[in-house]
Amino acid sequence: MSEKPDRCAGTRSLRETIQFYMIDFQTPLGRAIDIAIIALNIMVVGLFVVETYPMPSRVSLMLWRLEVAIIFIFVIEYLLRFYGAPDRWSYIKDTYSIIDLIAIMPTLILLVLPIFGVYADLRFIQTIRIMAVFRIFRFLRFIAEDHLLFGIISLRMLNVARLVFTVITIFFISSGLFYFAENPVNPDVNNFGDAFYFTVVAVSTVGFGDIVPASGAGRLVTLMMIISGIILIPIQVSRIFREWISAPRKRRICTGCGQEWHEEDARYCRICGSPLEEAADFQETAQ
C-alpha cells in the first residue's frame, strides 16, 4: 500500500523519495509516473506487433529507434527502482523485477553485440526477439492487490480484470510464439494478425482449418496455448465466483476514501490507510 502523500515528506532521503514515488499511485507525481509507464508499455507492445508487417526500411528504422528510446527509459526506471529498494537483493529476485529485465534484454542485446564486433545472423535475431512477447507481463504490477489500477477498482473487480488480462496474455504470447515458429516455413502466417487469428480459432476449439501448423515448433506452441487456455482461464473464473460468494462478508465502506471492500478483520483501509471504525458504523450487505 502506498503511504499517505504528506507523511514525512520533508524528512525522506533521496533514496526513500525515489522508492516512494516509484511505488506510489495516489500523489499526482506518482500517478503520472504510472500512467507514463503504462503508455510506454502499450507503445512497446504495439511496436512488436507492427514490426511483423512489411514496411519500408525507412519506417522500420524509425520504429527501431523509437523502441530503443522506450527501452532506454525502461532501463532508467529499473535502475531507479533498484536504487530506491530497501533490500536490493530482494528486489533483484522480485517477480516484477525479473519481468522488467526480460522486457529490457532483447533490445539491449541487439544494441550491445555490434559494439563488441559481433554481428548476429537473422535466426539469432529472431530468437532474441521472441523474448519481446513477454513484455506484456509488465502490466501485471498495475492490477496487483496493492495497486488496484490506481485504486479505482474494487477487489471483486480485480479478479475480473485479471481474467481479462489472462485471456489477452494467452492470446498475445501464443500469437507471438506461433508467428516466430511458423512465419519462416508457413505461407499462411505472414504477420502477427494471421498468428492471432489462428490462436483465437485454436483456443476456442473452432478449428476452421484454413491455417494449420507446418512445423514441430508450431505444433508445440499450439498445444501449449490450448492447454494454457484450459487451465488458466478456469482458475481466474473460479476466483471471481469465490469473491462474489464471499463478498457479503467483506464489505466495509471507508469513510475516508469510500473504498467498499476490505477483509472482515481489517483495521485500516487498504487504499488510503485511514483507520476503519467499528463494523456497526459501516454499511454492510445482508448476511
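These notebook entries record what I looked up in the structure.

**Entry 1: the chain as a whole.** I noted at the outset that this is a predicted model. I then looked up the secondary structure of the protein chain and found 10 helices and zero strands. Reading along the sequence, I wrote down the pattern α-α-α-α-α-α-α-α-α-α. I also looked up burial: the protein chain has 287 residues, of which 40% count as buried.

**Entry 2: helices H1 and H3.** I turned to helix H1, which covers residues 14–23. Its axis and that of H3 come within 8 Å and cross at roughly 125°. I recorded their crossing as left-handed.

**Entry 3: helices H2 and H3.** I next examined helix H2 (residues 28–50) and helix H3 (residues 57–84). Their axes come within 10 Å, and the crossing angle is roughly 140°. H2 and H3 are therefore also listed as oblique to each other. For the handedness of the H2 and H3 crossing, I again noted left-handed.

**Entry 4: a surface patch.** Which residues form a nonpolar patch on the surface? I found Leu223, Ile227, Ile230, Ile231, Leu232 and Ile235, which together have about 550 Å² of accessible area. I followed up one of these residues, Leu232, and located it in helix H10, which spans residues 216–246. Why does Leu232 count as partly exposed? The relative accessibility of Leu232 is 38%, and the partly exposed class lies between under 20% for buried and over 50% for exposed.

Definitions and conventions. Residues are numbered from 1 along each chain as its sequence is written. This is a predicted model: local features need pLDDT of at least 70, side-chain atom pairs count only at pLDDT 80 or more; totals for chains, interfaces and linings use all residues. Side-chain values use heavy atoms; hydrogens and water are left out. Patches are made of residues with over 30% relative accessible area and no salt bridge: like charges are joined within 9 Å, nonpolar side chains (Val, Leu, Ile, Met, Phe, Trp, Tyr) within 5 Å. Accessible areas come from the Shrake-Rupley method with a 1.4 Å probe; for residues, only the protein chains shown count as cover. A salt bridge is a side-chain nitrogen of Lys or Arg within 4 Å of a carboxyl oxygen of Asp or Glu. Helices (H or I, at least four residues) and strands (E, at least two) are DSSP runs, numbered from the N terminus. Buried means under 20% relative accessible area, exposed over 50%, partly exposed in between (1.4 Å probe, protein chains only). Axes are lines fitted to C-alpha atoms, for helices over the stretch in contact, and angles run from 0 to 180 degrees between N-to-C directions. Angles under 35 degrees count as roughly parallel, over 145 as roughly antiparallel, 65 to 115 as roughly perpendicular and the rest as oblique. A crossing is left-handed if the near helix is turned anticlockwise from the far one by less than a right angle, and right-handed if clockwise.
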